[in-house]
Amino acid sequence: MKYAAYLWGGMIFCVVLVIVLLLRVFSLESQIRSLGAGNSRALTTFQDSVKQLQAELATAKEMAPGLGEYMTTIQLHVGKLWFAAKAANWELAEYELDELKETMEAAKGLNAEKNGVKISDVLDSVLQTQVAALDKSIKSKSQTKFQSSYDETLSACNGCHESAGYKFIYIVRPSAPPVTNQKWEMSAK
């Protein structure tokens with residue numbers, strides 16, 4: 001949970017930084033237009049500002065989480081999803097599935113490619129097929145359907161890992177909870 005909080009905090013910081021930098025670029029462009037194209041000092045100032053902005057964007061990009069961080073977060077949600085469903089805590093399973101989808105969507109935004117495999121395309125496909133089947137199984141509250149769709153999801157993940165040259169990353173059903181400070185069963189109200 002702490003790692004996910006740092007990850008989301010870093011992502012929010014990067015998004016805010018990018019927005020501020022884009023607003024700065026638009027502001028500088030309008031200033032240049034108002035000064036006219038003949039003003040060489042304004043042009044030099046603009047060019048210097050653009051160079052500084054490019055450096056700041058490069059720094060922001062370096063600070064952003066990479067594919068590995070997203071995959072670790074995905075694995076955490078997949079593990080928590082397993083234990084929630086095994087305890088028939090369908091509300092928690094639905095929540096973890098939503099967190100999984102959110103993280104996969106964020107990872108798609110990286111447009112990463114590994115050994116010729118476009119990871120964003122694979123993530124999109126898994127979201128539309130296996131994760132959609134997980135969603136249906138959770139809504140039906142069927143352990144059998146959940147286990148089947150869960151195993152199909154893991155198979156899709158492992159197929160991607162193998163295709164991308166990372167067959168040594170092989171995900172299985174968890175045998176122990178990924179966190180020890182969470183209750184998986186529904187609380188009595």
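View 1. The largest pocket holds about 460 Å³ of space, where a pocket is an open set of points, on a 1 Å grid over the protein atoms alone at which a 1.4 Å probe fits, with protein on both sides within 12 Å along at least five of seven lines. The volume is the space filled by probe spheres set on the points, which are joined across faces, edges and corners. Of the 21 residues that line this pocket, Leu 67, Met 71, Cys 157, His 161 and Ile 169 are the closest to its centre, a lining residue being one with an atom within 4 Å of a point. Helix 3, helix 5 (119-128) and helix 7 are the elements that give two or more residues to the lining, and helix 3 gives the most, with seven residues. The lining divides into 16 nonpolar, four polar and one charged residue, with Ala, Val, Leu, Ile, Met, Phe, Trp, Tyr, Cys and Pro counted as nonpolar, Asp, Glu, Lys and Arg as charged, and the others, Gly among them, as polar. This is a predicted model, in which local features need pLDDT of at least 70 and side-chain atom pairs count only at pLDDT 80 or more, while totals for chains, interfaces and linings use all residues. Residues are numbered from 1 along each chain as its sequence is written, and side-chain values use heavy atoms, with hydrogens and water left out.

**View 2. Helix 3 against helix 7.** Helix 3 (residues 67-86) and helix 7 (residues 143-163) pack at an angle of about 165 degrees, with their axes 11 Å apart; axes are lines fitted to C-alpha atoms over the stretch in contact, and angles run from 0 to 180 degrees between N-to-C directions. The two helices, which are DSSP runs (H or I) of at least four residues numbered from the N terminus, are therefore roughly antiparallel to each other, a term for angles over 145 degrees. Val 78, Gly 79, Leu 81, Trp 82, Ala 85 and Lys 86 in helix 3 meet Gln 143, Phe 146, Gln 147, Tyr 150 and Leu 154 in helix 7, with contact meaning heavy atoms within 4.5 Å. These residues divide into seven nonpolar, three polar and one charged.

**View 3. Helix 6 against helix 7.** Helix 6 (residues 130-140) packs with helix 7 at an angle of about 165 degrees, their axes lying 8 Å apart, which makes helix 6 roughly antiparallel to helix 7. Among the residues in the contact are Leu 134 and Ile 138 of helix 6 and Phe 146 and Tyr 150 of helix 7.

**View 4. Helix 4 against helix 6.** Helix 4 (residues 90-108) and helix 6 pack at about 165 degrees, with axes 10 Å apart, and are therefore roughly antiparallel. The contact includes Trp 90 and Leu 97 of helix 4 and Leu 134 and Asp 135 of helix 6.

Note on methods. Angles under 35 degrees count as roughly parallel, over 145 as roughly antiparallel, 65 to 115 as roughly perpendicular and the rest as oblique.
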